[in-house]
Amino acid sequence: MSTERSFETSFETILGHAHPKAVLTAAIASGRIAHAYLFHGESHIGKFLTAVAFAKAALCSRLKTGQASGRPALSSCDQCSSCHAVDSGSHPDIHFIGPDGAQIKIGQIRELQDAIAFKPLVGSRKWFIMDEADAMNPEAANSFLKTLEEPPDHSTLILITARPQALLPTVLSRCQSVRFSPPPPDELSPWLQKQRGIGLKEALLLSTLAMGKIGIAAEADPDSLKEERDRVLDALSKNHLEDLAELFNEPEELASSQEQLYKTLDTIEIWLRDVLIGRHTPEPSLLINQDIPDRISAWGRAVSTDQLLEILTLIHLLKRASTRNLNHALVLETVLLKIRDAVVRETAPGPKPD
Ligand SMILES: [Zn+2]
């Protein structure tokens, strides 16, 4: 566990997330901050920065108050010594914990338990921010549960996850749930234009390719996002299953490339959604992959609505499956085979499979 991490954030600079911000600022204003929160929602949309902004505002000695969208709002002053310490990642009352390799292990939970027992050093409360909380292994999760059952008065734990269903129900039930959603493209695009100094058209394409994931849209190269998508689509259109296997690595490696797996599934899901919409409406503005309309119509001719819905349902189930679900690889293979069977006949330019 460490307190060494550097970033600058505040409620004022965080894009979107009006509801989470309203809930958290109300907790600060009323002095009723919970002992444990669960920040959940897709990855790379700002949950972690919001957690830091929350702790920073709660620890700030000169909190700013004002209005946002007609509601009372507050934010850290970004000037006091506490705010500077948070910005430089050296505030002694904020602790970070995250996967060591692929897992959060029991040793890390024991360190947390040692640290949480002591009173805050300079602030009124100690903060523990656990990123990718679903990476706790069973031993760690069981031990962590004891801390959640009897958290010291002076502490707040924030668990961050893109997959809350992978956490123990007993952990979930002890946390106040705060749900995060990706900002819509019309909110993300103006922000991206300003942040990256790009035109509106480019910003729109970037925000749709990044699927509203601020963290990706803020840094990614638009060409590489397009390449990544095209790589997935090319592999899905080929004749042999080996090409698909290449795309997802070997099933036994799935656990180590979980993020890649979910990214690829997101790409496929958005793509099939476009194909489905493209079948039923000629309105291009409803499509996400607006830059390749011919490819969308080619798939639309090859795959039936029933097939699309069946595959989308399967993907949805797979994304909801817990890490402890041993059939991950099997379900994934089923998705890929179904897609291959559905699209190979019409869209593949090469010879048919034997
Ligand atoms: Zn301050």
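**Strand E1**

I looked up strand E1 (residues 36–40) and found 5 of its 5 residues buried, so the strand is largely enclosed by the rest of the structure. I note that the model is predicted.

**Partners of E1**

Next I asked which strands pair with E1. Strand E6 (residues 155–161) pairs with E1 in the parallel sense, over 5 bridges. In that pairing I found Phe39 opposite Ile160 of E6. Strand E7 (residues 176–179) also runs parallel to E1, with 4 bridges between them. Here Tyr37 stands opposite Gln176 of E7.

**Zinc site**

I turned to the metal and listed the donors of the zinc ion. They are the SG atoms of Cys60, Cys77, Cys80 and Cys83, at 2.3 to 2.4 Å. I looked up the angles among the 4 donor atoms and got 101 to 119°, which makes the site tetrahedral. For reference, the ideal angle for four tetrahedral donors is 109.5 degrees.

I wrote the sequence spacing of the donor residues as C-x16-C-x2-C-x2-C. Cys60 sits in the loop between helix H2 (47–59) and strand E2 (64–68), and Cys77 in the loop between strand E3 (71–75) and helix H3 (81–87), so this pair ties together parts that are 17 residues apart in sequence.

Last entry: are Cys60 and Cys77 buried or exposed? I found Cys60 buried, and Cys77 too.

Key:
Residues numbered from 1 in each chain as written. Predicted model: local features only at pLDDT ≥ 70, side-chain atom pairs only at ≥ 80, totals over all residues. Heavy atoms only, no water. Buried < 20%, exposed > 50% of the residue type's maximum accessible area, 1.4 Å probe, protein only. Helix = DSSP H or I, 4+ residues; strand = E, 2+ residues; numbered from the N terminus. Pairing = 2+ DSSP bridges. Donors = N, O, S within 2.8 Å, 3.2 Å for Na, K, Ca; no water. Tetrahedral: all angles 85-135°; square planar, octahedral: opposite > 155°, others 65-115°.
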